[in-house]
Amino acid sequence: MTLELRQICLHFSKKTVLNKLSLCFKEGQLHALLGENGAGKSTAANIICGELSPDSGTILLDGKPVVFRTPKDAIQNGICYVHQRPMLADYITVKENLLLGLNKEQKTQLKPQAEKWLSGVNLNSYVIKYGADIRFFIALTSALIKKPKLLVLDEPSVLLDDNQRIFLFEKLRLLAGEGMNIIIITHNYDEAEKYCDTIDYLEEGKLLKDYSPINNQQAKVHDNTGGRITLIKGLAEDGLDTLEKSLIQMRSNHEFSFKTALIPTDRKFTGSSPNLTIEQMLTSALDIPESQKPAAALKMIKSSGVDITPQEKCSSLSGGMLQKLMFERELYGNPELLILCNPLQGLDVNTCQKTCERIQKAAQNGAYILVLSYGAWPSEYCDVEYRLKDGNLEAV
């Protein structure tokens with residue numbers, strides 16, 4: 001089944017999220033949809049899957065216009081969506097999750113699909129037992145049981161290890177060979193180039209036709225006379241989430257003997273709140289006189305490059321915009337230790353490099369940087385590297 005978007009437009013409040021976006025995804029291929037957080041990737045996916053309705057434009061399946069008012073409409077037309085953070089019921093079993101919403105014919109697919117995708121997973125165990133990687137495969141299996149003609153995956157590999165990532169793309173290639181149309185929402189250009197047949201890059205809601213990644217050769221950290229960058233990489237189930245929570249608690253309890261800044265993985269709720277204004281989010285926790293807070297907020301906004309006013313709500317921010325603003329906030333007080341949790345998550349190649357360079361500059365100015373990362377972090381940008389596996393820290 002071929003999917004085409006023609007001149008799709010969508011506005012939220014005064015912001016144009018998608019601007020006359022036209023894309024075509026042919027069956028039997030793996031398609032990558034790239035872009036920085038806020039570029040419109042997930043919004044386009046939500047429209048394809050019936051979770052949002054465009055203000056204008058047309059969706060065509062095999063050349064015929066269709067209208068999706070709900071996700072159920074999309075599923076009935078053969079489209080399934082696997083979210084980056086799957087919506088599973090924690091306190092029922094894996095099998096019970098897989099059975100939700102299935103008709104009699106679809107139930108016959110449960111066993112063969114589970115054997116293919118969930119080898120080694122106890123179907124009678126509760127979902128809460130499993131980490132983010134297995135939860136993704138449970139959600140993927142649930143989608144494939146419905147025998148979709150078009151499958152949309154949002155950042156499918158971001159929480160997978162190397163072996164899981166290879167397994168995933170090998171299996172997806174087989175599905176494409178059988179005629180399935182597969183769209184992968186991602187920020188990882190290298191991965192898209194390696195595994196996908198087509199790559200479309202979005203920027204500010206538009207298709208960027210002449211995109212090519214900048215040279216990925218990155219400068220080593222040479223003779224850092226200031227602080228240093230230490231990387232700890234691993235998965236949530238290896239203890240990385242637990243380590244992050246412990247560091248957040250230590251900072252909250254003022255257990256560090258030096259000035260410490262921290263950006264958590266959950267930027268939206270742990271590091272901020274959708275109900276705060278931008279100025280409140282940037283200045284409320286900083287030791288700044290009340291009269292100076294408006295000027296300080298404007299300075300941070302300008303440094304971040306985010307086009308927003310101090311009195312707008314944080315709910316207006318994309319993930320990438322929030323991350324940039326939080327980075328400026330945490331650096332504002334010149335911390336001696338800066339803890340960054342998954343700082344490249346959801347960023348495109350260009351923004352990843354700029355973020356790495358900014359972090360390197362902070363280290364050169366004397367800050368000690370601790371990076372906790374699920375996914376790839378360029379080793380060129382760290383002085384010391386550790387891997388956290390099964391709760392044990394190993395030097396790399």
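Predicted model: local features only at pLDDT ≥ 70, side-chain atom pairs only at ≥ 80, totals over all residues.
Mentor: A disulfide is a pair of cysteine sulfur atoms within 2.5 Å.

Trainee: How many disulfides does a search of the whole structure find?

Mentor: The search finds zero.

Trainee: What makes Cys 9 and Cys 49 buried or exposed?

Mentor: Buried means under 20% relative accessible area. Cys 9 has 11% and is therefore buried; Cys 49, at 4%, is also buried.

Trainee: Why is the contact between Asp 90 and Arg 135 called a salt bridge?

Mentor: The rule asks for a side-chain nitrogen of Lys or Arg within 4 Å of a carboxyl oxygen of Asp or Glu. For Asp 90 and Arg 135 the closest N and O atoms are 2.8 Å apart, so the pair meets the rule. Asp 90 lies in the loop between β6 (79-82) and α3 (94-99), while Arg 135 is in helix α6, so the bridge ties together parts 45 residues apart in sequence. Asp 90 is partly exposed at 25%, whereas Arg 135 is buried at 17%.

Trainee: Which other pairs meet the rule, and how many salt bridges are there?

Mentor: The count comes to ten. Among them, Arg 165 and Glu 191 have their closest N and O atoms 3.1 Å apart. Because Arg 165 is in helix α7 (residues 162-177) and Glu 191 in helix α8 (residues 189-195), this pair ties together parts 26 residues apart in sequence. Glu 328 and Arg 358 also meet in a salt bridge, at 2.5 Å from N to O. This pair links helix α12 (residues 319-332), which holds Glu 328, with helix α13 (residues 349-364), which holds Arg 358.

Trainee: What makes Leu 118 a buried residue, and which residues is Leu 118 in contact with?

Mentor: Its relative accessible area is 4%, so Leu 118 counts as buried. Leu 118 is found in the loop between α5 and α6. Beyond its neighbours within four places in sequence, its contacts include Val 94, Leu 98, Phe 137 and Ile 138. In the largest nonpolar core, of 41 residues, Leu 118 is one of those that touch the most other members. Helix α6 gives the largest share of this core, nine residues. Another core, of 35 residues and including Ala 297, lies apart from it. The C-alpha atoms of Leu 118 and Ala 297 are separated by 48 Å.

Trainee: Why is Tyr 126 called partly exposed?

Mentor: Exposed means over 50% and buried under 20%; Tyr 126, at 48%, lies in between and is therefore partly exposed. Tyr 126 is found in the loop between α5 (110-117) and α6 (132-145). With Tyr 91 and Ile 128, Tyr 126 makes a nonpolar surface patch of about 370 Å².

Technical notes:
Residues numbered from 1 in each chain as written. Heavy atoms only, no water. Patch = residues over 30% accessible without salt bridge, like charges linked within 9 Å, V, L, I, M, F, W, Y side chains within 5 Å. Areas by Shrake-Rupley, 256 points an atom, 1.4 Å probe, with all protein chains shown as cover. Helix = DSSP H or I, 4+ residues; strand = E, 2+ residues; numbered from the N terminus. Buried < 20%, exposed > 50% of the residue type's maximum accessible area, 1.4 Å probe, protein only. Core = buried A, V, L, I, M, F, W, Y, C linked by side-chain atoms within 4.5 Å. Contact = heavy atoms within 4.5 Å.
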